[in-house]
Amino acid sequence: MSYMPMKLSPAPKDYLWGGSRLKEEYGKLFDVEPLAETWECSTHPDGPSRILGGPEDGRTLAEVLREHPEMLGRRSLELTEGVPELPILVKLIDAAKDLSVQVHPDDTYARLYENSRGKTEMWYVLETAEGARLVHGFNRDVTKEEVRKAALDGSIEKLMNYVPIHRGDVFLIEAGTVHAIGAGTLVAEIQESSNITYRLYDYNRVGKDGKKRELHLEKALEVARLRREDSSEAPEGPEQDGILKSCKYFTVRLREKAAETELPEDPDSFHVLMCIDGSGILKAGEQEFPLAKGETIFLPAGCSGVSISGDMQMLDIRV
């Protein structure tokens, strides 16, 4: 049986470092201030996306996939050990201010201590302010004791490896890599389906409750790679056939189309298609799905006869 594509409505997040660009430039008109992230394609309980239109309108994607696990495809079910849920999470992130210096655990640690997947992630840089940068690990080899002291007294910024960033840059942030998105940056993030973050440092910022935001220093030090990161390793450019990055958890391809193009059928994996610039139309059989900048469609495994047309850039994500 071949299923039809489903347009998605994301879950909004109002983290204190967010801004207004997702509303102004990507049509995310949520009553949330600031708007830091939209979880575009997610079955995670902390922010499930919903179906927009069609026979499943208003239901969560998680509900639909539990009823129809075949929509996920063989590779996805292998990653989740047969559990009918997305192994990945796709976001848009507007970092109006610096994010905390943080790290994510790998799968082994996360399963043991958090009952969760770990978090390896990829960033595709959509927009940057002049002089924007990010943190990608340390600028030299460090020790746990050194990092602990520096995180507490604020000198940790001197240990960070800062990398200048530009539109179109690609970064793979493996679990265990200390990192932070810098102010003035808008990215598409593709990650394992996990919401486990350990903060090392947060600039002494105060949350909505008037208290300094919690750090997770000891857990962060247990999972962090403490070696120097070579800036020449990032950013990374596109690989063959438009692939931006491929790893054990996902493959992300950039599609740039001005004429109608048929998408190859993939019986082994779902695809997530997110329009990141321009506009166009996705056709499946007799149905048409208009796509504007910032909109996302879930394409079930084995979906056939699908084509895209229009002047747009699209991220095509599969496992």
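Colleague: Quick one to start with: does lysine 91 count as buried or exposed?

Modeller: Lysine 91 counts as buried, because its relative accessibility is 3%, and a residue is called buried when that value is under 20%. Please keep in mind that this is a predicted model.

Colleague: Which residue does lysine 91 form a salt bridge with?

Modeller: Lysine 91 forms a salt bridge with glutamate 37, and the closest N and O atoms of the pair are 3.4 Å apart. Glutamate 37 lies in strand S3 and lysine 91 in strand S5, which covers residues 88–95, so the pair ties together parts that are 54 residues apart in sequence. Glutamate 37 counts as buried too, because its relative accessibility is 5%.

Colleague: And which residues are in a network of salt bridges with Glu37 and Lys91?

Modeller: The network links Glu37 and Lys91 with Lys119, Glu121 and Glu189.

Colleague: How many salt bridges does a search of the whole structure find?

Modeller: The search finds 29 salt bridges. One of these is formed by lysine 23 and glutamate 33, whose closest N and O atoms are 3.1 Å apart. Lysine 23 lies in helix H1, while glutamate 33 is in the loop between H1 and S3, so this pair ties together parts that are ten residues apart in sequence.

Colleague: Does glutamate 33 count as buried or exposed?

Modeller: Glutamate 33 counts as exposed, because its relative accessibility is 58%, and the word exposed is used for values over 50%.

Colleague: What kind of peptide bond joins glutamate 33 and proline 34?

Modeller: A cis peptide bond joins the two residues, with an omega of about -10 degrees. Proline 34 is placed in the loop between helix H1, residues 21–26, and strand S3, residues 37–41.

Colleague: Back to salt bridges: how far apart are the closest N and O atoms of aspartate 266 and arginine 75?

Modeller: In that salt bridge the closest N and O atoms are 3.3 Å apart. The pair links distant parts of the chain, 191 residues apart, with aspartate 266 in the loop between strands S16 and S17 and arginine 75 in helix H3, which covers residues 74–79. Aspartate 266 counts as buried at 14% relative accessibility, whereas arginine 75 is partly exposed, with a relative accessible area of 23%.

Colleague: New topic: what is the phi of tyrosine 203?

Modeller: Tyrosine 203 has a positive phi of about 60 degrees, although it is not a glycine. Asparagine 204 also has a positive phi of about 60 degrees and is not a glycine either. Tyrosine 203 sits in the loop between strand S13, residues 198–201, and helix H6, residues 217–223, and asparagine 204 is placed in the loop between S13 and H6 as well. Tyrosine 203 is partly exposed, with a relative accessible area of 25%, while asparagine 204 counts as exposed at 52% relative accessibility.

Colleague: Zooming out, how many helices and strands are there in the chain?

Modeller: The chain has six helices and 20 strands, and buried residues make up 55% of its 319 residues. Among contacts between residues at least 6 apart in sequence, 75% join residues at least 24 apart.

Colleague: What radius of gyration would a compact globule with 319 residues have?

Modeller: A compact globule with 319 residues would have a radius of gyration near 20 Å, and the 19 Å of this chain agrees with that. Along its principal axes the C-alpha trace spans about 60 × 40 × 40 Å.

Colleague: Last one: how many positive and negative side chains does the chain have?

Modeller: The chain has 40 positive and 56 negative side chains, and the centres of the two sets lie 4 Å apart.

How values were computed
Residues are numbered from 1 along each chain as its sequence is written. This is a predicted model: local features need pLDDT of at least 70, side-chain atom pairs count only at pLDDT 80 or more; totals for chains, interfaces and linings use all residues. Side-chain values use heavy atoms; hydrogens and water are left out. Helices (H or I, at least four residues) and strands (E, at least two) are DSSP runs, numbered from the N terminus. Buried means under 20% relative accessible area, exposed over 50%, partly exposed in between (1.4 Å probe, protein chains only). The radius of gyration is taken over C-alpha atoms; the globule rule is 2.2 Å times the number of residues to the power 0.38. Contact means heavy atoms within 4.5 Å. Lys and Arg count as positive and Asp and Glu as negative; His and the chain ends are not counted. The place of a charge is taken as NZ of Lys, CZ of Arg, CG of Asp or CD of Glu. A salt bridge is a side-chain nitrogen of Lys or Arg within 4 Å of a carboxyl oxygen of Asp or Glu.
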